[in-house]
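Please consider the following structure, with attention to its aromatic side chains and their surroundings.

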Amino acid sequence: YCYDCGQGQISKVVDPQLQYGDQYWFRTSTSPTAKAGIDFFHDYFEKQTQGRTFQSLVELGCNDLYLLQKIRHRAKECVGIDTIWTGKEFVDGNLTVRGTTDDLGKPDLIISEHTFEHLLDPAETLEHLITSAADGALFFIEVPSLECLVQTKRFDQVFHQHLNYFGIHSLQKLIRRLGCRYLSHTY
């Protein structure tokens, strides 16, 4: 736990290849809890963007495309990225799905719902996305709240897949460090 910024991290990490390889079974659309969380995220996104259309949208952690299918009409080009798609590619009209962040183009909208807590180096990944993004791009990132976890005594939510536990201050500090501007959040 960092007393300076309020972020927690797991100290002993299970190899991500072992966790998210071919045997990884979780699919968003089969989980009522995950779908409800994404629906909440989607409602917040809609309120914040007020129908705006984007040139290029990237979703990091798209899983089985539950969120991306809901918002793909909001961008001329959509790219879904998830490790479960490694070695595969899916194309359907304006939508491309793959397993790597190579060649993202210059997206003006980047979204990620419950992905950064799973990454070994979320700062490095976010920096890569920022470098790839168009000037003035919007980012919507959802992560579990460490403050909420502690306040509600939900320590059962600390487990091997969540490597990072963000607090609002740790996210804001990271955003500033990477030269970006924080706009808003909700719980």
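Tyr3 is exposed because its relative accessible area is 77%, where exposed means over 50%, buried under 20% and partly exposed in between (1.4 Å probe, protein chains only). Tyr1, at 58% relative accessibility, is likewise classed as exposed. The model is a predicted one, in which local features need pLDDT of at least 70, side-chain atom pairs count only at pLDDT 80 or more, and totals for chains, interfaces and linings use all residues. Residues are numbered from 1 along each chain as its sequence is written, and side-chain values use heavy atoms, leaving out hydrogens and water.

The whole structure holds 4 aromatic pairs, a pair being rings of Phe, Tyr or Trp (its six-membered ring) with centres within 6.5 Å; planes under 30 degrees apart are stacked, over 60 edge-to-face and the rest tilted. Tyr1 and Tyr3 form an edge-to-face pair, 4.9 Å centre to centre with 80° between the planes. Phe45 and Phe140 are also edge-to-face, at 5.1 Å and 75°. This pair links distant parts of the chain, with Phe45 in helix 2 (residues 32-49) and Phe140 in strand 7 (residues 138-142), 95 residues apart; helices (H or I, at least four residues) and strands (E, at least two) are DSSP runs numbered from the N terminus. Phe45 is buried, with a relative accessible area of 1%, and Phe140 is buried at 9%. Ring pairs join Tyr44, Phe45 and Phe140 into a cluster.

Asn94 lies in the loop between strand 4 (89-92) and strand 5 (95-98). Because its relative accessibility is 22%, Asn94 counts as partly exposed. The Asn94 side chain reaches the backbone oxygen of Ala75 at 3.0 Å.

How values were computed. A polar contact is a pair of N or O atoms within 3.5 Å; within protein, one must be able to donate a hydrogen and the other to accept it, and residues adjacent in sequence count only if both atoms are side-chain atoms.
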